[in-house]
Structures are given as structure tokens and as C-alpha cells.
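Before you read further, please look over the model shown here. The points that follow go from the whole chain to single residues.

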Amino acid sequence: MLSITFTTPEGDVLVETTMTDSDTVMEVAVREGVPGIVAECGGSMSCATCHVYLEPQANEAFEPKEDMERDLIDGLENCSALSRLSCQLYPAQSEGEVVVTVPDSA
Ligand code: FES
């Protein structure tokens with residue numbers, strides 16, 4: 001299983017858990033009650049309230065960003081090169097450890 005740690009932008013750990021191949025990061029965050037992941041649209045890619053930052057070294061653990069996700073992220077005030085929508089983070093590998101930063105968790 002993929003180990004996943006949710007942190008604040010300051011690096012404080014919010015939740016440490018694991019995810020299966022069939023989970024998205026958003027589903028894990030909601031299940032674990034991670035603050036700052038609202039996921040208003042339930043994963044249909046229309047709200048961007050599941051925004052996270054993903055370190056470049058964690059990119060290979062997930063499916064790549066597609067155009068629609070990129071467009072939604074570009075509309076966010078606090079977007080960066082590390083921005084992803086956690087509802088689109090489907091695991092591309094089943095082993096390893098990743099850290100996901102929640103921008104609005106503070
Ligand atoms: S949950 Fe709405 S865009 Fe991800």
C-alpha cells in the first residue's frame with residue numbers, strides 16, 4: 001500500500017495513513033477528516049476545494065495532470081507549480097511514501 005502523510009504548509013503532520021489502488025487522495029482525506037479538504041463536488045472536478053501541493057518527487061506515484069485539472073488550478077489564488085486537485089490523484093504505484101501539503105489547513 002502507498003503510505004500518505006498530510007501536512008500543513010508549515011510541515012506539521014495532520015494525518016498519516018495508507019491508501020489502496022482504488023482510492024483517490026481526496027477520498028482518503030475526507031475519510032480521515034483532514035482539515036482543509038472540503039471536496040464540495042465529490043470529485044467531479046468542478047469545485048477545486050480539494051486543492052493540495054504535491055512535492056515533485058511524489059509525482060510519479062500518481063497519474064499525471066490533465067488539461068481540465070490544470071484549468072481549474074490556474075483559477076486558484078494560491079496555486080503553484082506543485083498544485084494538484086486531490087480528487088484527481090489516482091495512484092500510479094502501489095508502494096512507497098508520499099507527502100501531501102494542504103494549503104488551507106491552517
Ligand atoms: S472534489 Fe471538487 S474538484 Fe476535487
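1. A residue is called buried here when its relative accessible area is under 20%, exposed when it is over 50%, and partly exposed in between, using a 1.4 Å probe and protein chains only. By that rule, buried residues make up 42% of the 106 residues in the chain. This is a predicted model, in which local features need pLDDT of at least 70 and side-chain atom pairs count only at pLDDT 80 or more, while totals for chains, interfaces and linings use all residues. Residues are numbered from 1 along each chain as its sequence is written, and side-chain values use heavy atoms, with hydrogens and water left out.

2. Helices (H or I, at least four residues) and strands (E, at least two) are DSSP runs, numbered from the N terminus. The chain holds 2 helices and 5 strands, and from the N terminus on these elements run β-β-α-β-α-β-β. The chain is as compact as a globular protein of its length, because its radius of gyration of 12 Å is close to the 13 Å that the globule rule gives for 106 residues; the radius is taken over C-alpha atoms, and the rule is 2.2 Å times the number of residues to the power 0.38. Along its principal axes, the C-alpha trace spans about 30 × 30 × 25 Å.

3. A contact means heavy atoms within 4.5 Å. Among contacts between residues at least 6 apart in sequence, 64% join residues at least 24 apart. The accessible surface of the chain, from the Shrake-Rupley method with a 1.4 Å probe and, for residues, with only the protein chains shown counting as cover, comes to about 5600 Å², of which 46% belongs to carbon and sulfur atoms.

4. For charges, Lys and Arg count as positive and Asp and Glu as negative, with His and the chain ends not counted, and each charge is placed at NZ of Lys, CZ of Arg, CG of Asp or CD of Glu. On this count the chain has 4 positive and 20 negative charges, and their mean positions are 5 Å apart.

5. H51 deserves a careful look. This residue lies in strand β3 (residues 51–54) and is buried, since its relative accessible area is 3%. A polar contact is a pair of N or O atoms within 3.5 Å; within protein, one must be able to donate a hydrogen and the other to accept it, and residues adjacent in sequence count only if both atoms are side-chain atoms. The side chain of H51 makes such a contact with the side chain of S83 at 2.8 Å, and another with the side chain of N78 at 3.5 Å. Leaving out residues up to four places away in sequence, H51 touches I37, L76, N78, C79, S83, R84, L85 and P103.

6. R84, which is among the residues that H51 touches, belongs to strand β4 (residues 83–85). With a relative accessible area of 4%, R84 is buried, and its side chain reaches the backbone oxygen of E63 at 3.1 Å. Beyond four places in sequence, the residues that R84 touches include C50, V52, L54, P64, K65, E69, I73 and L89. From C-alpha to C-alpha, R84 and G36 are 14 Å apart in space, and they are 48 residues apart in sequence.

7. T17 sits in strand β2 (residues 13–19) and is buried at a relative accessible area of 18%.

8. G96 is in strand β5 (residues 96–101) and is partly exposed, with a relative accessible area of 31%. Setting aside neighbours within four places in sequence, G96 is in contact with M1, L2 and S3. G96 and A81 are 15 residues apart in sequence and 22 Å apart in space, C-alpha to C-alpha.

9. Most residues other than glycine have a negative phi. A39, however, has a positive phi near 55 degrees; this residue is in the loop between α1 (25–32) and β3 and is buried, with a relative accessible area of 12%. M45 has a positive phi of about 60 degrees although it is not a glycine; M45 is likewise in the loop between α1 and β3, and at 16% relative accessibility it counts as buried.
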